[in-house]
Amino acid sequence: METENRTVVTEFILLGLTQSQEIQLLVFVLSLIFYTIILPGNVFIILTILSDPGLGAPLYYLLGNLAFLDASYSFIVTPRMLVDIFSEKKVISYKDCITQLFFLHFLGGGEGLLLVVMAFDRYIAICRPLHYSTVMSPRACYVMLLAPWLGGFVHSVIQVVLILRLPFCGPNHLDNFFCDVPQVIKLACTDTFAVELLMIFNSGLLTLVCFLGLLTSYAVILCHVHRSASEGKNKAISTCTTHVIIIFLMFGPAIFIYTRPFTALAADKVVSFFHTVIFPLMNPVIYTLRNQEVKTSMKKLIIRHIVC
């Protein structure tokens, strides 16, 4: 069979998360609650960090970026999913599907790399405190903030380029509630084995390596903290524990989805739902609830606006 792009499919029909009306209503209510309550909370975190000069440490700029990435990520899937729940025919154009897929992996890949940068920041702050101001200089911080965006962009471009080369000439029923690599590839009318291996290497292996690297780095940090007798021991343990929770929320579902051959499993849609809708909104909030400085600044900001 010829392998050049012969795309004639102009739209995909999304089969949705479930066919049960009751479950769809539950999903709608749950998603709407998270979207209308926690999303403004993420925006408030960003405004707090930007408005408080006392939160000028690199850690808080990284947290602000995490909140921004997660807030942006939530716009990719959730709004359309909420509308599609009440649509009889869930249709997405080929171009919109590719666009959704691009931003999904652009922001998702960027967030994964940002967590690596946050781990490096904590390692220097806790294990090499005397070198912190030198290593985490303003110029180095700008580079570290730019690197996740650039890495996520490159990662996503590779995904999109591989998909654009595939011919889509017949089946257009996408067994999901949004466009993602595993389901889209299966609709190509050609042998996709080589492409699937490339995708697993680009997404799955990268995700797994980052995950194991992060766990190793935080294990080293926690061992160092446990052996030390410094006054900030409890604070360091609390911060690192929170980071580890976020790592599991971020990488656990991603490893499940992208590190295996693209065969459909019953749990795929449920895992994807939490990975794309629920967890991204929760990540910055989980961190903020464990960070006393940010909570104090948020209270001051609220009081200031009430007084004004």
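Q: Is C141 buried or exposed?
A: This is a predicted model, by the way. In it C141 counts as buried, because its relative accessibility is 14%, under the 20% cut-off.

Q: Which cysteine sulfur is closest to the one in C141?
A: That would be the sulfur of C240, but the two are 17 Å apart, which is too far for a bond.

Q: Remind me, what is a disulfide?
A: A covalent bond between the sulfur atoms of two cysteines.

Q: Where do C97 and C179 sit in the chain?
A: C97 is in helix α3, while C179 is in the loop between β3 and α6. They're 82 residues apart, so this pair links distant parts of the chain. Both C97 and C179 are buried.

Q: Left-handed or right-handed, that C97 and C179 disulfide?
A: Left-handed, because the torsion about the S-S bond is about -120°.

Q: Switching topic: where is R122?
A: R122 is in helix α3, which covers residues 94–127. R122 is buried, with a relative accessible area of 12%.

Q: What does the side chain of R122 make a polar contact with?
A: The side chain of D121, at 2.8 Å. Leaving out residues up to four places away in sequence, R122 also touches several others, including L59, Y132, Y218 and H243.

Q: Now helix α8. What span should its 26 residues have?
A: They should span 38 Å at 1.5 Å a residue, and the end C-alpha atoms are 37 Å apart, which agrees.

Q: Where's the kink in α8?
A: At F251, shortly before the proline P253, and the kink is about 25°.

Q: Last one: which residues does UniProt list as "transmembrane region"?
A: The unreviewed UniProt entry lists several stretches, among them 59–78 and 205–225. In the model, residues 59–78 are 100% helix, with end C-alpha atoms 28 Å apart. Residues 205–225 are 100% helix as well, with the ends 30 Å apart.

Methods. Residues numbered from 1 in each chain as written. Predicted model: local features only at pLDDT ≥ 70, side-chain atom pairs only at ≥ 80, totals over all residues. Heavy atoms only, no water. Helix = DSSP H or I, 4+ residues; strand = E, 2+ residues; numbered from the N terminus. Expected span 1.5 Å × (residues − 1). Bend = angle between axes of the 7 residues up to and from the residue. Buried < 20%, exposed > 50% of the residue type's maximum accessible area, 1.4 Å probe, protein only. Polar contact = N/O pair within 3.5 Å; in protein donor to acceptor, adjacent residues only side chain to side chain. Contact = heavy atoms within 4.5 Å. UniProt positions renumbered as here; feature names shortened; annotations may be inferred. Disulfide = S-S within 2.5 Å.
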